[in-house]
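Hello,

Here is the structure I promised to send over. Please have a look, and my notes follow below.

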Amino acid sequence: KRQQQTVTEFSSSVPSSSTTMQPVNIDLGKLALCLIIDTLGTSSELIPFVGELTDVAWAPIAGIALRSLFGSNVVFALEFVEEFLPYTDILPLATICWVVETFYADGDIARALQIGLYGPQAQQQPQEAVTNDNSRSNDGVIDVEVSKGPSTSKRMISGRDNDDDFMRRL
């Protein structure tokens, strides 16, 4: 009985904002592009010393690609520095940014990177309401509800550029 009372006290002290369900758009096309960018950046490490020279050419390409994907100059600068500095290519920055934007769009890291709800793309687009229960929408993005507690309130994280927009910008 004492244990049940402790759990009840704890659950009442948890802020209500942490108990909301947030539908998340999982953009698999964007994830694939991030994985390709990270793989190409890391593959230069396969050729010792020569690989570091190829990073001089790859750094601006990867930075511009990530700016197109996430709309953030902070991510551009981080990717450029990460590719340009020796032996830092192993860091999968593009994939990390995708995870932050997809699952932690309202977090402090998203704010620091200027992505997710803090990116310029999210500020231009109004947040959309959840309109149907289909798990896959027509735009190739999978909608998933992430539960952080028992509450059933919902909020949609706004969508991002699709792959066609990314390819046109390159």
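**Notes on the model**

Thr 95 has its place in helix α5; helices (H or I, at least four residues) are DSSP runs, numbered from the N terminus. This is a predicted model, in which local features need pLDDT of at least 70 and side-chain atom pairs count only at pLDDT 80 or more, while totals for chains, interfaces and linings use all residues. Residues are numbered from 1 along each chain as its sequence is written, and side-chain values use heavy atoms, with hydrogens and water left out.

Helix α5 (residues 93-103) is largely enclosed by the rest of the structure, because eight of its 11 residues are buried. Buried means under 20% relative accessible area, exposed over 50%, and partly exposed in between (1.4 Å probe, protein chains only). Among the buried residues of α5 are Cys 97, Trp 98 and Glu 101.

Thr 95 is buried too, at a relative accessible area of 16%. Its side chain makes a polar contact of 2.6 Å with that of Asp 38 (a pair of N or O atoms within 3.5 Å; within protein, one must be able to donate a hydrogen and the other to accept it, and residues adjacent in sequence count only if both atoms are side-chain atoms). Beyond its neighbours within four places in sequence, Thr 95 is in contact (heavy atoms within 4.5 Å) with Leu 31, Cys 34, Leu 35 and Asp 38.

Two loop residues also deserve a mention. Tyr 87, in the loop between α4 (73-84) and α5, has a positive phi of about 65 degrees although it is not a glycine. Tyr 87 is exposed, with 56% relative accessibility.

Gln 114, in the loop between α6 (108-113) and α7 (120-124), has a positive phi of about 60 degrees and is not a glycine either.

Best wishes
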